[in-house]
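Please read the account below alongside the sequence and the structure.

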Amino acid sequence: MTPQSTTSHNKSSNNSASSNRAAGGREKADKYTEFVSAGIGRDLAKRLGLPQPAILRRYSPHAPLVEGPIVVLGHGAGADAVAKVLLDWHQDVRRHATPKEKLGAIVVVLDDLANPGGLSEPMLAIGAALRDLNKNARVVSISREVSVADAPEVAAARNAVDGIVRSLAKELRAGATANGIVLQNGIPAGSPSAMAALRFFLSGRSAFVDGQFLTAASEGSRQAPHWDKPLEGNVAVVTGAARGIGAAIARTLARDGATVVAVDIPAAGDHLAAVANEIHGTSLQLDITDPEAGSRILEHAMSRFGRLDIVVHNAGITRDKLLANMDAARWDSVVAVNLEAQLRMNKALLANESFASNGRIISVSSTSGIAGNRGQSNYAASKAGIIGMVRSTAPLMAASGGTVNAVAPGFIETDMTAKIPFATREVARRLNSLQQGGKPRDVAETIAFFAQPQAAGVTANILRVCGQNLVGQ
Ligand SMILES: NC(=O)c1ccc[n+]([C@@H]2O[C@H](COP(=O)([O-])OP(=O)(O)OC[C@H]3O[C@@H](n4cnc5c(N)ncnc54)[C@H](O)[C@@H]3O)[C@@H](O)[C@H]2O)c1
């Protein structure tokens, strides 16, 4: 059985993809979220103690980075450097909170933690300011990675940040999120890659990322940032771009300035062409399990545009069955499309000098690959396999200045999740700190961040886009 033989395409898929357009601004939330966001619905939910998901602030190139002043906590050179960067970005920066002043964000710089006692003052300062956070505010920590070479009290203090951020993310309400940046040793707090991660976490691009960490592995690019069109001049390939999350990724990369080659199976040709035309890109009908898929992608991009900078491995399939009932066709097709095709394509990409220098590879994994899921042993194997692949490909890419990362989406509102029976779906979409499902564009925004030149020092990350789903970490 070829993988595409059981992949169905219909009109509603494409309509739904279009309705999730990544044009920026306010998007429709699910019906329950709309209902409890105002008037009688809000009062009712409050009285009955029902979940009250907020309408999330999503990225628009013209919207402010955050809504309100940013307090930078911390005393050392790292905190000063971060405050300076925020001032350079024309933000309204404070070095301590003033009671009752509404805040857009708190950034706490903990890059010089020596022991757990050093956490008390900044944490209590955050606690005192929490009531003054605006809706959809952000709390971002900047700390250092834990290594076995650290003295035990240093390692304890550094690792404590993990517990703090994940707990705070569960405490925050009204669309506010808490996330962290981890600096590998020797990387200064104000380095370009850490600041690109900070900008991502502060902005509406990270609306559905909560309780997560990004690691800055190297200082990153000193190239002057162009934050509204960060991908201008770049050529990107997106697989599985005919619909769903892939179509949202293609639109988002194009909005950020990239020229996009949209790839999908021939059976999806019409929808693929529609997406490619809409974003002024090109389409390439290709089954990614074709042994020549990597060279065909390279040939298409090189012959038309003379370059290839970004490859997004999004195409994926599910063939769910309990392992007790699993058959070879289901197992093999899922592993072939979701994992083996990527491994083979990466080999071809890495062998191409032009791509390998500064290239970006971003894979779509899944929270099922982190936490496992009943009836999805084949899918979870493929998505967990991606995580292993990313970690071992990172040093190969780093040798020539490239990066490789993955996103792990949780419950995303797509045609796939729309088919889940109502009650199960309602429970699944509320089981996270933001009490709602994410949008395809939330996954797309995270991928676009990994593709930015400014994120050149951000590699080997597996970032969950799941609203801090209760499964897994
Ligand atoms: N929807 C979710 O909630 C969710 C959650 C976690 C992860 N993901 C992952 O996100 C990715 C996109 O998911 P989606 O919900 O948009 O799925 P989808 O089924 O709507 O779209 C997948 C696309 O990939 C294409 N495709 C499948 N096999 C292919 C092949 N062999 N060659 C080329 N193209 C192929 C399909 O034709 C389709 O257009 C997948 O990797 C999926 O596993 C989705």
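Three cavities of 30 Å³ or more turn up in a search of the whole structure. A cavity here is a set of points, on a 1 Å grid over the protein atoms alone, where a 1.4 Å probe fits but cannot get out, and its lining residues have an atom within 4 Å of a point. Grid points are joined across faces, edges and corners, and a volume is the space filled by probe spheres set on the points. The model is a predicted one: local features need pLDDT of at least 70, side-chain atom pairs count only at pLDDT 80 or more, and totals for chains, interfaces and linings use all residues. Residues are numbered from 1 along each chain as its sequence is written, and side-chain values use heavy atoms, with hydrogens and water left out.

The largest cavity holds about 80 Å³ of space. It is lined by 13 residues, of which Arg173, Ala174, Gly175, Ser433 and Gln435 are the closest to its centre. By class, the lining of the largest cavity has seven nonpolar, four polar and two charged residues. Nonpolar covers Ala, Val, Leu, Ile, Met, Phe, Trp, Tyr, Cys and Pro, charged covers Asp, Glu, Lys and Arg, and the others, Gly among them, count as polar.

The protein is assigned domain 1 (3-24 + 228-465) and domain 2 (62-216), with bounds from an automatic or database domain assignment. The largest cavity lies between these domains because both give residues to its lining. The domain centres, taken over C-alpha atoms, are separated by 29 Å. The contact takes 27 residues from domain 1 and 20 residues from domain 2, where contact means heavy atoms within 4.5 Å.

The second largest cavity has a volume of about 50 Å³. Its lining residues include Val108, Leu110, Met123 and Ser141. Elements giving two or more residues to this lining are α5 (120-129), β4 (133-144) and α6 (152-171); helices (H or I, at least four residues) and strands (E, at least two) are DSSP runs, numbered from the N terminus. The largest share, four residues, comes from α6. This lining has nine nonpolar, one polar and no charged residues.

The axes of α11 (residues 328-350) and α14 (residues 377-398) come within 8 Å and cross at roughly 10°. Axes are lines fitted to C-alpha atoms, for helices over the stretch in contact, and angles run from 0 to 180 degrees between N-to-C directions. Therefore α11 is roughly parallel to α14, a term for angles under 35 degrees.

Conventions: Parallel < 35°, antiparallel > 145°, perpendicular 65-115°, else oblique. 1 Å grid on protein atoms, 1.4 Å probe; cavity = no way out; pocket = protein on both sides within 12 Å on 5 of 7 lines; lining within 4 Å.
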